[in-house]
Amino acid sequence: MSEATKNIKEPVRKTKVESFDISRSDETLQLATDLAKFIKDNKLSTTVQGKEFVNVEGWQYAGSRLGIVPIVDHVINVSTEAEIKYQAKVTLFDMRSGHTVGAGFAICSNKEQGKKFYQEFAIMSMAQTRAIGKAYRNILAWIIRAAGYEPTPAEEMDYGGNTPAEAKPAATPVAAPAAVTPMKAVPAEPLTPAAVASEPAPVAYASAPQKEEIIRLLNHPVITRQEKTKMLLNINRLDEERATGAIAKLKKAIEDRENGQAATAA
C-alpha cells in the first residue's frame with residue numbers, strides 16, 4: 001500500500017480553530033480581552049506622546065481571529081524627480097463569507113520626517129504596511145479601542161508630511177576680483193545608450209482576482225492546513241506569473257486528491 005493511499009484512508013483529524021463573531025457582544029468583549037493580552041505580551045504597541053498605538057502586527061492578529069486577511073491590490077509609484085513616493089491599496093477578504101469586507105489606501109514618501117535616507121524598496125514596503133493597518137482600522141478600530149489602545153495604527157503616527165525646505169540665510173555679497181579670466185565653456189558630451197541607466201521594469205504583482213481565486217482553492221477540504229498557511233503567508237509576494245502557476249498547481253492537487261479518494265472508495 002502506497003504512502004499516498006495510507007494518507008487517504010486514514011481519517012483526517014480536525015483541529016478546532018477558535019474564532020470570534022463580532023455580531024455577538026459577549027464574543028467581542030472576549031476578543032478585546034484576548035487582544036489586549038496578546039499586544040502587551042508581544043510588545044506590539046508604540047508610545048507616542050503618552051498614548052499607546054498598536055503596530056500593524058497587532059491589527060493583523062485581530063483580523064486573523066475574525067478570519068479576515070489582507071490582500072494588496074496594487075502599489076503605485078507616484079514619485080517625482082525630487083521625491084520617492086508610493087501609494088498602496090489593500091482590501092480585506094473574509095475567508096468565511098468569501099467577500100471583501102473593507103479596504104484602505106496609504107502613501108509613503110522620503111520627504112517625511114525621518115525617512116530622508118530610506119531606500120526606494122523601504123518606502124514602497126511602508127506604503128503597503130500602512131495600507132494594511134488603515135484597512136483594518138476602518139472596520140476594527142472599535143475593537144482596538146475596547147482593548148484599551150488608540151484606534152489608529154502606529155505606522156500612521158510617524159507620518160510627518162512633506163516638510164518644506166529650510167530657507168537658507170542670504171549670502172554676504174563678496175566683491176569680485178579686479179580681473180577675472182573667463183573660462184571656456186566645455187560642451188557636454190552626448191550620453192550614449194550604454195551610459196544611460198535603464199530603469200528596472202515595475203513588478204506586476206498578482207491581481208486581486210488571482211488572489212481571491214487562490215484563497216477560494218485553499219478553502220477546499222483536500223488542502224491541508226499547512227499548505228493553506230504557507231500559501232497565505234506568501235500570497236502578497238506573488239507576481240502574476242507565479243500566481244498563475246500557483247492556481248494551476250492547486251487545481252491539479254485538488255483534482256488528483258479527489259480522484260484518489262474516489263478510487264479508494266470504489
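Does Gln49 count as buried or exposed? In this predicted model, Gln49 counts as exposed because its relative accessibility is 78%, where the cut-off is over 50%. Gln49 is found in the loop between strands E1 and E2 (51-54). Its phi is positive, about 55 degrees, although the residue is not a glycine.

Lys43 sits in the loop that joins helix H2 (25-41) to strand E1 (45-48). At 70% relative accessibility, Lys43 also counts as exposed. As background, most residues other than glycine have a negative phi.

**Overall layout**

The chain contains eight helices and five strands. Read from the N terminus, the order of elements is α-α-β-β-α-β-β-β-α-α-α-α-α. Of its 266 residues, 32% count as buried. Among contacts in the chain with a separation of 6 or more, 63% are accounted for by residues 24 or more positions apart.

**Two helix pairs**

Two packed helices are described by the angle between their axes and the distance between the axes. The table gives these values for two pairs.

| Pair | Axes come within | Crossing angle |
|---|---|---|
| H3 (residues 56-65) and H4 (residues 120-146) | 9 Å | roughly 60 degrees |
| H6 (residues 208-218) and H7 (residues 225-234) | 10 Å | roughly 165 degrees |

The axes of H3 and H4 cross at roughly 60 degrees, which means that H3 is oblique to H4. The crossing of H3 and H4 is left-handed. On the H3 side the contact involves Val56, Trp59, Gln60, Ala62 and Gly63, and on the H4 side Thr129, Ile132, Gly133, Tyr136, Arg137, Leu140, Ala141 and Ile144. By type, the residues of this contact divide into eight nonpolar, four polar and one charged.

Arg137, found in helix H4, belongs to that contact. Its relative accessibility is 25%, so Arg137 counts as partly exposed. Setting aside neighbours within four places in sequence, Arg137 is in contact with Trp59, Pro151, Thr152 and Pro153. Trp59 is one of the H3 residues listed above. Between the C-alpha atoms of Arg137 and Val56 there are 9.7 Å, although 81 residues separate the two along the chain.

For H6 and H7, the axes cross at roughly 165 degrees. The angle is over 145 degrees, and H6 is therefore roughly antiparallel to H7. H6 passes H7 in a left-handed crossing. Which residues make the contact between H6 and H7? H6 contributes Ile214, Ile215 and Leu218, while H7 contributes Glu227, Lys228, Met231 and Leu232. These residues divide into five nonpolar, no polar and two charged.

Glu213 also lies in helix H6. The side chain of Glu213 makes a polar contact with that of Arg216, at 2.7 Å. Leaving aside neighbours within four places in sequence, Glu213 is in contact with Ile247 and Lys251.

How values were computed
Residues numbered from 1 in each chain as written. Predicted model: local features only at pLDDT ≥ 70, side-chain atom pairs only at ≥ 80, totals over all residues. Heavy atoms only, no water. Axes fitted to C-alpha atoms, helices over the stretch in contact; angles between N-to-C directions. Helix = DSSP H or I, 4+ residues; strand = E, 2+ residues; numbered from the N terminus. Parallel < 35°, antiparallel > 145°, perpendicular 65-115°, else oblique. Left-handed = near helix turned anticlockwise from the far one by under 90°. Contact = heavy atoms within 4.5 Å. Nonpolar A, V, L, I, M, F, W, Y, C, P; charged D, E, K, R; others polar. Polar contact = N/O pair within 3.5 Å; in protein donor to acceptor, adjacent residues only side chain to side chain. Buried < 20%, exposed > 50% of the residue type's maximum accessible area, 1.4 Å probe, protein only.
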